[in-house]
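My notes follow in the order of looking.

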Number of protein chains: 2
Amino acid sequence: MAKDFTSRKENYSQWYNEIVAKADLAEHSAVRGCMVIKPYGYAIWEKMQAQLDKMFKETGHVNAYFPLFVPKSLFEAEEKNAEGFAKECAVVTHYRLKTDPNDKTKLIVDPEAKLEEELIVRPTSEAVIWNTYKGWIQSYRDLPILVNQWANVVRWEMRTRLFLRTAEFLWQEGHTAHATKEEAIEESKTMLDVYAEFAEQYMAMPVMKGVKTESERFAGAEETYCIEALMQDGKALQAGTSHFLGQNFAKAFEVKFANKEGKLDYVWATSWGVSTRLIGGLIMTHSDDNGLVLPPNLAPIQVAIVPIYKGEEQLAIISETALKIKKNLESKGISVKFDDRDTHKPGWKFAEYEFKGVPVRVAIGPRDLENGTVEVARRDTLEKEVLQIQDIEVKIENLLTNIQNNLLQKSIDFREENSHHVDTYEEFKKVLEEKSGFIYAHWDGTAETEEKIKQETKATIRCIPLNQKQSEGYCVYSGKPSKGRVIFAKAY
Amino acid sequence: MAKDFTSRKENYSQWYNEIVAKADLAEHSAVRGCMVIKPYGYAIWEKMQAQLDKMFKETGHVNAYFPLFVPKSLFEAEEKNAEGFAKECAVVTHYRLKTDPNDKTKLIVDPEAKLEEELIVRPTSEAVIWNTYKGWIQSYRDLPILVNQWANVVRWEMRTRLFLRTAEFLWQEGHTAHATKEEAIEESKTMLDVYAEFAEQYMAMPVMKGVKTESERFAGAEETYCIEALMQDGKALQAGTSHFLGQNFAKAFEVKFANKEGKLDYVWATSWGVSTRLIGGLIMTHSDDNGLVLPPNLAPIQVAIVPIYKGEEQLAIISETALKIKKNLESKGISVKFDDRDTHKPGWKFAEYEFKGVPVRVAIGPRDLENGTVEVARRDTLEKEVLQIQDIEVKIENLLTNIQNNLLQKSIDFREENSHHVDTYEEFKKVLEEKSGFIYAHWDGTAETEEKIKQETKATIRCIPLNQKQSEGYCVYSGKPSKGRVIFAKAY
C-alpha cells in the first residue's frame, strides 16, 4: 500500500492529501468545499468528542443546541463580528422548490417562496446565542451560564483542504456568561488550559499557549487566547481558540443583569472552540512516510490481532488464544480488532493496519502457539518483538502508554529543534527560508510592522506566548523597543 | 410551581407547551420554526443518543458525516424523493454578504455572490449519501455498508410544535447498502426492532410495529416500516421509521456492484431514523398534571438529594451522610444531584424536582439522622416512604427499576384501554369523537378509501400491524372484503 505513496520530503502537501484519502479518513463531496468524513476518520472525531465533552463537564459545563440559522438582523447586531464573517456566509433566501414548468423532471427555486428576511447559515453562534441568553438572564443568580454546543458551521472558503479548511466543519463552541470581567477572563483561560491539556495528553501534540495580536483576534473579541502547534513541515497550526468577549455581545443584544446590589450591568462573555481541524493537526504531528500514526489515546482501534494460518482448523486454534487476549484487553478498556477475514492475506492486513496508524499489531501463527509467544509490532517506531504470551495484556497495556509518551516526547523534541530565537531581520528571513518553524523575535507592538512582515515573508504572529520569561529588546523589523519576543511562523 | 400550570384535561396542547417551557426543555428561537434545546432537554437527548448509538454499534453500524448541503441537481435525481421534499426545502442561493451602501451599519446579500447551482439544506441525506456510495462500491466485497449519521436536518414546516414538528431538528439517519433484496429487507426490520426495543426498554413507551400504506410511505421508499405510539390524548405519534428503499437510489445515482459471479447489479438500500421528536413522545407518554415524569433510564438526574437544615453546622452533618449516599449510588452508575444551594428552600426544591420529573427524591433532615432514616419520594406515583438508611443504595436502585417497569406497564395498560376494535363506520366515528385512541378496523386496501376516511374524520392509517393474528372481514367504509385490520388514529 505504501509503495505508491508520496513521501513527506517529496511533497508534504500531497503526502497529507494521500494520507487522508488512503487511510479512509475523509473525501471531497459533490458540494464545493464540503467534506465527507468517512467512518474511520469520524471514529477519531468521536474519540476526541468523548474526551473533550468529559473535560467540559468536569469543568462545570452543560450542552445545549441552538438554531443552524441566524436571521440577518441578528447577525449584523454585533458589528465587528458581522463584518468579520460577512464575506464567507452561506445565505438561505427561499424555502421551497417547485417543478420546472419547462422540464417536469427538474426543480427550480419557487420565486413566490422568498423569505422576508434572509437567514445566514451559522459561521459561529454568538449572535443567535446571545439573543437567547437575553431571555435567560435577569439577575446575578442566573449567572454564570456555562453552555457548550456540538454543531456544524459553515464558512464559505475559496481554497479548501480536507479537515484543515472546509466550507462546512464540525466543532464545539462554548458560550458562557458571567457577572464580572475577572470571572470571564478566568473562564477563557481555564478553557485554554483544557484545550492544551487535551492536545498534549490525548493528541500527543505539544502546544504553545498565547494571546493573539489585535489583527489576528476573533471578530468581536476583546482578547483571543490560542494554542498553536508546530507541524512537521515547519508551519504552525492554530489548534484552538478561547475568546474573552468583554461586554460586546451583551451590549449588542442588550443583555443586562441585576447585581447583588440591585444595579443593572451588562453581562461579560466568553466563547471557545475546537473543530475537526484537530484531525488535520493530528495527522501532521505524527504520521510518517508509511502512513498514518495515531496516538493510542485517540486511536479507534488500539490493537489489531492478525491470525496467520492455513486452513480452518489452525484458524480455530489460533482464534481461541486471540479471542482470549482480546477479551482481557477489552476488560482493561482497550479497543481491539481481531481480523479473521479470509478475503485478505496477513501481509495485506499488516500493511493496512500500518497505513491506518493502529498503534499495536499482534500476529499469532501456529509456531507462536507452540512456543507460547506472539509477535508484537508498534507503529510509532515500526519495531517488532516476540513476546511470551504470559501477561501479554499487561505488556500491551504498558506498550500503549509507552507509545503515547514517545509520540509526545518526539513532538516536543521536534518543536524544540525547530524553535529559533532570532535578533535580526536577515536572520529571520534566513530561518524562514531554510528551516521554517517557530521564530521567537522581538516586535514593536504595531499592526503596521506585523503587516509588513506578513507581506514580505508570509510569516504571521502566531501568538504572544503566555507564561514565558520575557526580556526587553528591539524589534527585528523596525528596531524600535520591544518588551518581549512573540512567535512568528508561516501557518495553515 | 405547579399552581399556575394547566391540567391535561383543561387543554392538553397548552399543558404540553407549558411542560416544555417550565421544565426548561426547549424554547422557540428568533428563527421561525427553529427551536433552542435547553440544557435539561438536551441532556435527555444525550441519554437517548448514547443508548441508541450503543445499539447501532452492537448491530454492526459505524458513524460517518456527510455534507449539510445537497446540490439541486443531486437532490432532484431520485424523483419521488425530490417531489416529496421539494415543498419544504430551505435553499442557499448566495455565499456572501456586503455592507449596505445606503446604511453602513447594515448588511445585504451580495448579488455578485450568487451560486451557480442552488444548494438545498438537507431535509434527509439519501441523495448526497448515495452519490458518495457510488465511489465506495464496486464489488460485493464492499458490501454491506452499514453507516449511521447524527445530524441536523431542515424541513420548512409552517405549523411547528417544540420537539414534535420543527423546521430544524436533530436526528440520526442510517443509510445502508446491500447485495441482495432479502438482506436489505432484513436490515430495515432489524433496525425497526432496535427502535421498538429502545422505545419500550428505555423510554418506557410501548409501540406498535407496522408497515405504512403506500400513501404514508417515505418518498422514494418501496416499504416504510414504523413504530407508532399512543399519546395520553388518544392521538398517535409516529416515533421512528425504517425504510426499504429497493434499488431506487442505486438507479438514480447509478450505483452498481459486481456480484460473486462478476455480474453487475444495482445495490439495495435502506434508511432509518429517529429524531428529537422522541422527546415529545416521552413527555406525552408519562407526564402528568404535576409536570414532567421521566423514566429512570433516560433521566439526566435519577436521584435528587435535598438536605433540610438550619445553619451551617447542621448542613455539614447532613452533607456527610448525603455525599456518602451519592458516592455509593454513583458507583452503581446512578446519576445523583445533591442540592445544597442556600438560595432556595427545601420546599422550592421539592417542587422543582417534581416538575422536572426526577424519578427519585431523597430528603434528609436532622431528625432523620437521629433515627437513621431518610425520606424517599418517587415521582411516578408521588408516594413517599421513610426508609432505614441501611442499604439505602440497594433500595433506591430497586426503586428505580420499579419505577421504570411501572411506567412501561402503565403505558401498556393505557394503550390497551384505548385500543378499540370496530366493525362499522358509525362505531368508528363514535370512538374517534368520544375516546379516540387506536382503532383497529378493516380496510379495503385502496388509497381512495383511506383518503375519504381521512377527509371525513381526520384519522389516518397509522400502520398495518406486523406480527398480528389477522382475520378476514369487510372494510368499515366501503364494505369491500379486507384481509385484516389496520390501525387508524388521529396523529401528531
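**Notebook: symmetry, interface, cysteines**

I note at the outset that this is a predicted model.

*Symmetry.* I began with how the two chains are related. I superposed chain B on chain A, and a rotation of 180 degrees with 0.0 Å of shift along its axis does it, at an RMSD of 0.0 Å. The two copies are therefore related as by a two-fold rotation axis. I then asked which residue of chain B comes closest to the rotation axis. Val92(B) does, with its C-alpha at 2.1 Å. I also checked whether the copies use the same surface: 100% of the contact residues of chain B recur in chain A.

*Interface.* I looked up the contact next. Chain A gives 61 residues to the contact, and chain B gives 61 residues. I get about 5,200 Å² for the area buried between chain B and chain A. Carbon and sulfur atoms give 68% of that area. Which three residues of chain B supply more of its buried area than any other three? I find Tyr65(B), Leu97(B) and Leu107(B), with 13% of the area that chain B buries against chain A.

*Polar and charged pairs.* I turned to pairs across the interface. The rule finds 4 salt bridges between chain B and chain A. I picked out one pair by name: the side chains of Lys57(B) and Glu46(A) form a salt bridge, 2.9 Å from N to O. I sorted the side of chain B that touches chain A by class: 38 nonpolar, 8 polar and 15 charged residues.

How many does the structure hold over all chains? I count 0. I looked at Cys475(A), which is in no disulfide; the nearest cysteine sulfur belongs to Cys463(A), 17 Å away. Cys475(A) is buried, with a relative accessible area of 4%. I then took Cys226(B). Its closest cysteine sulfur is in Cys463(B), at 4.6 Å, too far for a bond, because a disulfide needs the sulfur atoms within 2.5 Å. Is Cys226(B) buried or exposed? I log Cys226(B) as buried, at 0% relative accessibility.

Note on methods. Residues are numbered from 1 along each chain as its sequence is written. Chains are lettered from A and ligands numbered from 1 in the order in which they are written. This is a predicted model: local features need pLDDT of at least 70, side-chain atom pairs count only at pLDDT 80 or more; totals for chains, interfaces and linings use all residues. Side-chain values use heavy atoms; hydrogens and water are left out. Buried means under 20% relative accessible area, exposed over 50%, partly exposed in between (1.4 Å probe, protein chains only). Contact means heavy atoms within 4.5 Å. Buried area is the accessible area (1.4 Å probe) that two parts lose on being put together, summed over both. Ala, Val, Leu, Ile, Met, Phe, Trp, Tyr, Cys and Pro count as nonpolar, Asp, Glu, Lys and Arg as charged, and the others, Gly among them, as polar. Copies are superposed by least squares on the C-alpha atoms of residues with pLDDT of at least 70 in both.
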